[in-house]
Amino acid sequence: MNAKPQHTDGRLRSYRGGDSLLGMLGIPITRRSLLQGSLLGATGFWLTDPLGARADAEPPAAKAKAVIHIWLWGGPSHIDTFDPKPDLGNDYCGPLRATTATSTAGVALGELLPLLAKQFDKYTIIRSSTHGQNGHETAAYMVQTGNQTGGKLVYPHVGAVVSKFTGYEAGYKGLIPPYIVLTQPQGRFSESGFLGPRYKPFATGGDPNAKRFLVEGVVAPGISDERQRGRRELLTRLNSLALASQGSEQMEAVAKAEQEAYDLILGDAGKVFDLAQEDDALRARYGRNTLGQSCLMARRLVEKGVRFVTINSGGWDTHKEHFEAMRTMLPQLDKGVSTLLEDLADRGLLESTIVWCSGEFGRTPQVQWEAPWNGGRNHFGAVFSTLVAGGGFRGGAVVGASDSRASEVVDRPVYPWDMIGSMYELLGIDPEGEIAHPQGMDVALLPKASDGVEVGGRLKEIM
Amino acid sequence: MKRRLGIAICLVLVPNLLAAERTLDPTFESEGSISPRGKIDRTVFARLRQERIAPARLCTDAVFLRRVYVDVIGTLPTAEEAQRFLTDANPNKRRDLIDALLARDEFAEYWALKWCDLLRVKAEFPVNLWPNAVQAYHRWLKTSLQANLRYDQFVRAILCSSGSNFRDPQVNFYRSAQTKQPEALARAVALTFMGTRAEKWPPEKLAEMSVFFSYLGYKKTAEWKEEIVYFDMQKYLAEGPQTAVLPDGTTVTLRPDQDPREVFADWLISPRNPYFAKCIVNRVWSWLLGRGIIHEPDDIRPDNPPVNPKLLELLEQELFAARYDLKALFRLILNSKVYQLSSIPQSDNPDAGRYFAYYPLRRLDAEVLVDALCQITGTTEEYSSAIPEPFTFIPPHQRSIALADGSITSTFLEMFGRPPRDTGLESERSTRPSAAQRLHLLNSSHIQRKIQESERLRELVRGSASPQETATRIYLTILARLPTQRELQVFERYSKSDIVQGQEALIDLVWALINSVEFLYRH
């Protein structure tokens, strides 16, 4: 109790010599001894990154400044999107048996993603994402915190960690909060975890595809700008105690908070949410639907310096009428994400912005044709696909592979901690570092092989 | 030489005092005399004279009414209560109101909330008390406060408790420290009941105190999540010491048939104890006056002296005289003129606040604020817990100040600084203003809905003969006072402008008052 955080400056403390016994005994860690140790701990998986503990304990230099996280809540099918197996026929592919070739020989996407196929030079597909969990909550928690469920700690979302290390405590000055969710929070777990409410994302509410994007607190439905101004003046005149207490330190703090709020409501700061400022043709390219306009919104936020934007896109839990849903949803995803990548690249923002798109798992590759599903797909955590781009991730590559039936990983597994550890590294956050728990202890950001988890290693091949 | 210096000081001071002589604002300040009414006033005003700080004026009846409701029961007065008090000609009406509020159920509800903060009452991580234990513990605290259990007995009941976390709820004290290690328990006792931070002690002192908490056992029962906390006599007989050292350095003899916690508790609650009474009177003072005589109130140590030692001593004596009756202490402080000063300072001296020269502005507690919004508009809030337990159902009419469990999540409460209940520190609760809070109150759909869909406000409009009467009743409902002529004129002009049509003007009046400092702050 009453222990204060040991370091509140938002910087990471790195392991020196890791938590290995040799390091603790002061015995120099050779590459070879480390490899052996890791292999023993890693249950036989080949480590892409044998130097799990770097000799240099300084945080890595940041290549990425921001992350756009396109979260496909419910779990999109991998076989219909980024990992097509057209030869498997109706039992596996249903009506979607064609593919679209990308610019890279031998790499094809599902037939409903033609625009993304054209932008393949800008992103990489991971076809070997895995964690083995088939429950939404557990899988969503693992994929987005990079940690396993169970222990006493409730880990924060990667966005909360990023906003802790790169947000207000690290000199972020924006009026727009550094961590934003378009448009609704997760609901099923608290993004802030043990970091507490300060690190919760700002959830905009509203719909960016609506005539007016009603951002919670920033734009009030049914209140014109004229009435906002009228109200503000009314408040100033009726704020009798504030008038009587003018000049006090507290009233200055109140006035400052109010000024900042009005900068968002009536001033320029809030204009970032006004999509009418964008060219209609570009808006159309993104797709005039919630997902497409959210992608555009995310670009505008990142342009303003926002560190982490989650686009929380639901509806991917397609147990029934799967193919009908895919015919509506995949073209929206295709337009939104491909235009986002192109637009970011055109503006020189892709180099410093990670785009990360996946759900909590994939879907059963074999179609459930029987009643009551009548052509649906179930949850599938053994293997699924992830798209990553920008911020130091190379494009035009495929990482890992699933087997011929898209049912298990056959090459280079990528676990949630591998994925998130890679992002941390690009963002200048030491993936092997610790984060201060508000109660004074330090907690490792991510699990390691020595914690008994299977590790595939960070995505060095595309970084 | 000496005399000249004296004159020079006077010359410097006089303009200073004159500058501070502001014109009286009859909405917030009264002309009543601030000549001392009792010992508290004499002690505080003497200290102010010493520092050459002019105290604020007395507050008006309306300000007092609202202040004492919010401070004592965490609840706004209703329009009817306000009207009754403001038109009451009884010269002792402030005293009578204090007595009436101390007897209300909300007193126990609101102060149970405060104690739950300090005792870290929370079902989930990191405290993990579990929902039924939380409910039982909260109920025990509330009942003790309702019955006005003597404070020394209240603390003894907690410290010497044994039994089931569901049936003997005070044992949850021993389940809510950071760990169940003796040192963590001793640190929790030191912080909560001695107002000191043991991590600033020499380590031996904490180790010595931990001995008293080293013979606790914990065991499970057949009931899910039940835990028995008990004195492990076998362990004590096997390895317990014959003597132990108390935090004041006294060595005491331990008897094998006595739980060492009892020895500790009897030492703690004795009137000679250097920490116990000081800690609680200083806390109560800081709860009512916004700042401890020793500040922070849970950081008592030799190098953090009280700003007014005589005042602290006086309050301790009063507590002994009242036989540890905390309500008597509340009553004494609330009836003082020091408590009833206006929040508008008369002195520019930056230390005026430290010496209690005025009542400090403080934003309403998160729970009190949302309850006030609900009361004004006749709306409710929805709360739920992530743990599917029968004890976690929270009915919609439930007041937020009556929420037992710190694990109940709520964006509003978190945004407005409700403490996470992780450490038990007073400073965990935050009343700092932020842009996010301002956005929420000025412009969120949550607040907008509460105002626009309020049946209570609609009735209020229907039941009034004129817009002027409506405005007056809105003022009584939200600010517990009548509007001034100037305010009525401002509103009239606004309602006749092109900006608003029909009922919009009244909606905007409600909106403006809810967003005023007068509503959002204790003043």
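Colleague: What covers the buried residues of helix 11 of chain A?

Modeller: A caution to begin with: this is a predicted model, in which local features need pLDDT of at least 70, side-chain atom pairs count only at pLDDT 80 or more, and totals for chains, interfaces and linings use all residues. Residues are numbered from 1 along each chain as its sequence is written, while chains are lettered from A and ligands numbered from 1 in the order in which they are written. The cover of helix 11 of chain A includes strand 1 (66-72), helix 10 (280-286) and helix 12 (322-346) of chain A, where contact means C-beta atoms, placed from the backbone, within 7 Å; helices (H or I, at least four residues) and strands (E, at least two) are DSSP runs, numbered from the N terminus.

Colleague: How many residues of helix 11 of chain A are buried?

Modeller: 12 of the 14 are buried, so helix 11 of chain A is largely enclosed by the rest of the structure; buried means 20 or more other C-beta atoms within 10 Å of the residue's own, with C-beta atoms placed from the backbone. Among them are A:Cys295, A:Met297 and A:Arg299.

Colleague: And what follows helix 11 of chain A?

Modeller: A:Gly305 does, with a positive phi near 100 degrees.

Colleague: Switching to chain B, what is the strand order in the open sheet of three strands?

Modeller: The order is 3-5-4, with antiparallel pairing, and two strands pair if DSSP finds at least two bridges between them. Strand 3 (163-164) and strand 4 (216-220) of chain B stand at the edges with a single partner strand each, so one side of each has no neighbour in the sheet.

Methods
Two residues are in contact if their C-beta atoms, placed from the backbone, lie within 7 Å.
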